[in-house]
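The entries follow in the order in which I looked things up.

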Amino acid sequence: MKGLQFIVIFLLFSCTLYSQEEKRHFSFEADYFYGNILEHNSDIAHLITGHPEGLLLSFNNKTFGLKEWERQYNSPDWGFSFLYQDMKETSLGEHYGLYGHYNFYFLKRNLMLTVGTGISYNTNPYDIYNNFEGNAYGSNFLSTTYLRVNYIRENIWKGFGLHAGFLFVHYSNGNIKAPNTSTNTVALNAGVTYQLDYENLPEYTKENDGLDYSEKIKYNIVFRSGINESDVIGLGQHPFYVFSGYADKRLNYKSSVQAGVDFFLTEFLKEFIKYRSIAYPEDGLTGDEDWKRVGVFIGHDLRFDKVSFVTQMGYYVYYPFDFEKRVYLRVGLKRHFYKDKIFAAVTLKSHWAQAEAIEFGIGVRI
């Protein structure tokens, strides 16, 4: 899980680095937040005993429309952030998270939407002897995402500005290790921002280049893998393999649509079937049921230069064993290389709110 931090941040920002000849403009933010843990699952009801609070520190690289991707998204910021959160419950411990993030601006740059993703260290995960009640997290290292919606006024006085609004923070290990009930925090936040070199900021460039970015249909082959574990504690971690083929059509600079097929070889499911056949004989299972699955899916890529935000929805057409229903979702990040012919991806596969796996993939686009 430690490597996930660096992979995610690389995928987010390797496309946005400026050449050394271009002048950069940086800003800093500091936020305090206070809120509540949502009871998204009744299994964590006993852990909701207080009001979490914490601190969010951000370092931003400002953009001004010098590149086409910046103009397409109204000159967002990109940067890195650190989040500390005290869950106010001993069994949940504390979080120390490192993120890559984007700040998007709306309403004459008075409304800011921040999307951050990365990895967090939790101080008190589940332990059968020392923390058997802490069933939210099965590991110290967790994948994490935060969303922030703020009203913002920058450079009110000598580079200082203020912002306030709402913050949502999610922690999960993607079923890499059980248990993985996860937590979601909703909070109010308020903070201050400081713009370096505030007296010498350039004007925003807004006019797009007017080029046609649409493409003919392309074909993709993807291999994904990783390790995961069923929700039954003690069955162990197992590798999985996913082979995918799909066609995609780029519509414009931002959007591509896709449709394809997934073939799943998920070894934890084989062990889970054996467990169910022994522990629950009333299910009528023999333990030899087929654990392979085949799904068809549709999806969308939202492009940020060489990075894409991937969303897919699939349906199992071959589904010999009933596990978490037939609809599945996939969301994540993809980084394109070599004229968009090769890509790497980190994605989360889930069945609605129930995560199944964090997938690391590599693909070819022809």
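**Entry 1: Arg330.** I looked up Arg330 and found that this residue is buried, because its relative accessible area is 0%, where buried means under 20% relative accessible area, exposed means over 50% and partly exposed is in between, with a 1.4 Å probe and protein chains only. I noted that this is a predicted model, in which local features need pLDDT of at least 70 and side-chain atom pairs count only at pLDDT 80 or more, while totals for chains, interfaces and linings use all residues. I also noted that residues are numbered from 1 along each chain as its sequence is written, and that side-chain values use heavy atoms, with hydrogens and water left out.

Arg330 sits in strand S14 (residues 327-337); strands are DSSP runs of E with at least two residues, helices are runs of H or I with at least four, and both are numbered from the N terminus. Leaving aside neighbours within four places in sequence, I listed the contacts of Arg330, among them Val242, Phe264, Gln312 and Thr347, contact meaning heavy atoms within 4.5 Å.

**Entry 2: the charged network.** Which residues are linked with Arg330 in a network of salt bridges? I found Arg224, Asp262 and Glu359 linked with Arg330 in this network, a salt bridge being a side-chain nitrogen of Lys or Arg within 4 Å of a carboxyl oxygen of Asp or Glu.

**Entry 3: other salt bridges.** The structure holds 20 salt bridges, and I looked at several of them one by one.

- The side chains of Lys62 and Asp77 form a salt bridge with N and O 3.3 Å apart. This pair links distant parts of the chain, Lys62 being in strand S2 (residues 53-62) and Asp77 in strand S3 (residues 77-86), 15 residues apart. Both Lys62 and Asp77 are buried.
- Arg71 and Glu68 form a salt bridge in which the closest N and O atoms are 2.8 Å apart. The two lie in helix H2 (residues 68-72), 3 residues apart, which is about one turn of the helix, and both are buried.
- Asp248 and Arg365 meet through their side chains in a salt bridge of 2.9 Å, N to O. Here too distant parts of the chain are linked, with Asp248 in strand S10 (residues 238-250) and Arg365 in strand S16 (residues 354-365), 117 residues apart. Asp248 and Arg365 are both buried.

I also looked up how Arg330 lies relative to Asp77, and found them 253 residues apart in sequence and 26 Å apart in space, C-alpha to C-alpha.

**Entry 4: the whole chain.** How many helices and strands are there in the protein chain? I read off 3 helices and 16 strands. The radius of gyration is 22 Å, close to the 21 Å that the globule rule gives for 366 residues, so the chain is as compact as a globular protein of that length; the radius is taken over C-alpha atoms, and the rule is 2.2 Å times the number of residues to the power 0.38. Along its principal axes the C-alpha trace spans about 75 × 55 × 30 Å. Of the 366 residues, 49% count as buried.
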